[in-house]
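Student: I am new to this structure and would be grateful for a guided reading of its sheet.

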Amino acid sequence: ALAKKSEVRRCSEPWNWLEGAPVGDNSDLLLDEDLLGEFKAAQLVKRQVRVKHEEGLFTRLCNQELMASNGFSLRCVPTKTPDEVIAFRGDAPAIGHVLPKRWQLSVYYEPQNRTKVESAMQQLGCSVASAAEVAADKDSMEVFLAYRHGCGRPCLMVKQGSEDIEVTNGPALDKEMKAWQESYEVTDLMR
């Protein structure tokens, strides 16, 4: 469902909307389903591999130039539901999830880009050459990615909790994940 004009705000990235702030004049036109109907979804295929969570993983994966020049998007989802923990961030307790040990890495691309994508993924240290190529599903995230590809806007999405977030700054995400891990590893409140 589309959000009401008063419930969304636009961030610096085109087609990213944030909850809770007003949008400028005429920007509600961007939410018009008739106008969005002109965008064509790309027919995507995907391959999936498991990757170990390691320091610098998202710095490596968040290579916007490589994704754009080779026409692929990435999505990282924890391989299992992470345990919740309570940890202190500053003076206040926070509830969050233990960082996963492994991620399911899905690479989405148009079939004609297969060779370029295989080479690019090899450069990222995540070979997908032996992974089966299947049609992308029609779940909401994969439909979203198909339209982004249709507009020429590949991306890196990471599932955190119940939300998929777009990552445009891999080093910042790596730093935040490391700080979070350190905060719950020294806390006596785990579980």
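Student: In which order do the six strands of the open sheet stand?
Tutor: Strands are DSSP runs of E with at least two residues, helices runs of H or I with at least four, both numbered from the N terminus. Two strands pair if DSSP finds at least two bridges between them. With mixed pairing, the order of the open sheet is β8-β3-β7-β4-β9-β10.

Tutor: This is a predicted model, in which local features need pLDDT of at least 70 and side-chain atom pairs count only at pLDDT 80 or more, while totals for chains, interfaces and linings use all residues. Residues are numbered from 1 along each chain as its sequence is written, and side-chain values use heavy atoms, without hydrogens and water.

Student: Which strands stand at the edges?
Tutor: An edge strand here has a single partner, so one of its sides is left without a neighbour in the sheet. The strands in question are β8 (134-135) and β10 (163-167).

Student: Which residue in β9 stands opposite arginine 75?
Tutor: Strands β4 (residues 72-78) and β9 (residues 156-160) run parallel and are joined by three bridges. Opposite arginine 75 stands methionine 157.

Student: Which residue in β10 stands opposite leucine 156?
Tutor: β9 and β10 pair in the antiparallel sense, over five bridges. They form a hairpin with two residues between them. Opposite leucine 156 stands valine 167.

Student: What is the average pLDDT of the protein?
Tutor: pLDDT is the predictor's confidence in each residue, from 0 to 100. At least 70 is reached by 69% of the residues, whereas residues 1-24 stay under 50. The protein's average is 78.

Note on methods
Contact = heavy atoms within 4.5 Å.
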